[in-house]
Amino acid sequence: MSARPADRVGIVVGSRSDIAAAEKAAAVLAELGVESETRVISAHRAPELLARWVASFDERGVGVVIAIAGLAAHLPGVVASQTTVPVIGVPMAGGVSDGLDALLAIVQMPKGVPVATVGVGNGENAGLLAASILAVSDSGLRDRITARRAAQAADIAGDEANLGL
Ligand code: RP5
């Protein structure tokens, strides 16, 4: 049986306390017409469930993963160690250095198993980056991302006008 197209984003949080960032990612993906699924699976507290989810990517059509975690923040790296699907890590605030700890943990993957990293708590950028990765083979999605950028630029022009600049 052939696998379905890998056109959906898998979003995983290490704890329900990270869910706000996942919602931001899912919202921007929905705005761009990209399907996503969100799971709450800790790399430490539910490692077998995580492995089963990763093993199902082909049949589920998961083409990019957004993995969101704080504290030791191993979740993105553990997912990346089990798949060649691109993984975007989102560090979360809350540890001893309020997110700097998780940022350093995620960004410092050892060579051979990369994880792309966005800013602390920045689920929106993770969603946009995931969409850009899928847009490499989807020109309609590329057009929608371009249109969103244009709307963003128009908003900024509007802000300047409102400030009399
Ligand atoms: C990490 O520990 C999670 O990603 C979360 O950011 C942090 C705290 O988890 P909880 O104690 O809120 O479940 O694994």
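A polar contact is a pair of N or O atoms within 3.5 Å; within protein, one must be able to donate a hydrogen and the other to accept it, and residues adjacent in sequence count only if both atoms are side-chain atoms. This model is predicted: local features need pLDDT of at least 70, side-chain atom pairs count only at pLDDT 80 or more, and totals for chains, interfaces and linings use all residues. Residues are numbered from 1 along each chain as its sequence is written, and side-chain values use heavy atoms, without hydrogens and water.

View 1. The side chain of Asp18 places an N or O atom 2.6 Å from a ligand oxygen. For the side chain of Ser17, that distance is 2.7 Å. Arg45 has a polar side-chain atom 3.1 Å from an oxygen of the ligand.

**View 2. An aromatic pair.** The whole structure holds 1 aromatic pair (ring centres of Phe, Tyr or Trp, its six-membered ring, within 6.5 Å).

Methods:
Rings of Phe, Tyr and Trp (its six-membered ring) pair if their centres lie within 6.5 Å; planes under 30 degrees apart count as stacked, over 60 as edge-to-face and the rest as tilted.
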